[in-house]
Amino acid sequence: MSPPDLPRWPYPRWIAHRGAGRLAPENTLAAFRYGAALGYRMAECDVKLSADGVPFLLHDATLTRTTRGLADLAGPAASPVAGDHGWATLAQLDAGSWHSRAYAGEPLPTLANLARYLQANALLLNIEIKPTPGTEARTGAVVAETAARLWAQAQTPPLLSSFQVEALAAAAAAAPALPRALLLDTLWDGCLERAAALGCVALVCNHALWDAALVARARSLGLRALSYTVNDAWAAQRLLALGTDGIITDRVDLFVPEG
């Protein structure tokens, strides 16, 4: 039940991290299908821009950890920084074989690819805006504009989040109607007030940061309380007891995503 002083929260409590946690290659369509098959109605993803401005899914600044094939396409001296490459190159990379042979050849998806799949299956999304360093404002603006267009007819829009205040401010300017959340790994002076000033609807914190006092402070500013990355039953129970609103997990196989 929603607190009386906050509007209805349209998102489910349980959110699959990067599609399916560690059970499928993160930020690929295969991962989102896996999480959905386990009953998750909402997922989280990371979105950044290609060199030619295409929003696509990738967590790291570099391609090294979760893709293969760049040297074959662009030469052994090619920059490992994802944002240095156009979408035509990125689209040809193998984003699955690092995880397991079963997913070899799985491509990087664009945000548009993911939007089509999610909306066709009535699934919801938390988009973490993950800029290549130095592109915070541009990434925030382009991702927000793109999301607003892709979900224009959707009943429930995606929740945009970022650790980068500059990216959130640009997203707010570009698509003010989309809900936003500030991501926090630590509490810094004035962070809650800054989130409220940015028009955020939520804080998404490292789960260890939440206690009753912080939940109450967030509520007093009109902010919902979400947590990442919750992979243990004891941690989930603590957050449920605190009355928090969202739990992002890698352990899509451990938790039953009810509510």
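This is a predicted model: local features need pLDDT of at least 70, side-chain atom pairs count only at pLDDT 80 or more; totals for chains, interfaces and linings use all residues.
Now let's turn to a pair of helices. Two packed helices are described by the angle between their axes and the distance between those axes. Here the axes of α4 (residues 111-120) and α5 (residues 136-150) come within 11 Å and cross at roughly 30 degrees. The crossing of α4 past α5 is right-handed. The table shows which residues make the contact.

| Helix | Residues in the contact |
|---|---|
| α4 | Leu 111, Ala 112, Ala 115, Gln 119 |
| α5 | Val 143, Thr 146, Ala 147, Leu 150 |

Sorted by class, this contact has 6 nonpolar and 2 polar residues, with no charged ones.

Helix α5 also holds Glu 145. Is Glu 145 buried, exposed or partly exposed? Its relative accessible area is 44%, so Glu 145 counts as partly exposed, a label used for values between 20% and 50%. Which residues does Glu 145 touch, once its neighbours within four places in sequence are left aside? Glu 145 is in contact with Ala 174 and Ala 175. As for Ser 97, Glu 145 is 48 residues from it in sequence and 32 Å from it in space, C-alpha to C-alpha.

Key. Residues are numbered from 1 along each chain as its sequence is written. Side-chain values use heavy atoms; hydrogens and water are left out. Axes are lines fitted to C-alpha atoms, for helices over the stretch in contact, and angles run from 0 to 180 degrees between N-to-C directions. Helices (H or I, at least four residues) and strands (E, at least two) are DSSP runs, numbered from the N terminus. A crossing is left-handed if the near helix is turned anticlockwise from the far one by less than a right angle, and right-handed if clockwise. Contact means heavy atoms within 4.5 Å. Ala, Val, Leu, Ile, Met, Phe, Trp, Tyr, Cys and Pro count as nonpolar, Asp, Glu, Lys and Arg as charged, and the others, Gly among them, as polar. Buried means under 20% relative accessible area, exposed over 50%, partly exposed in between (1.4 Å probe, protein chains only).
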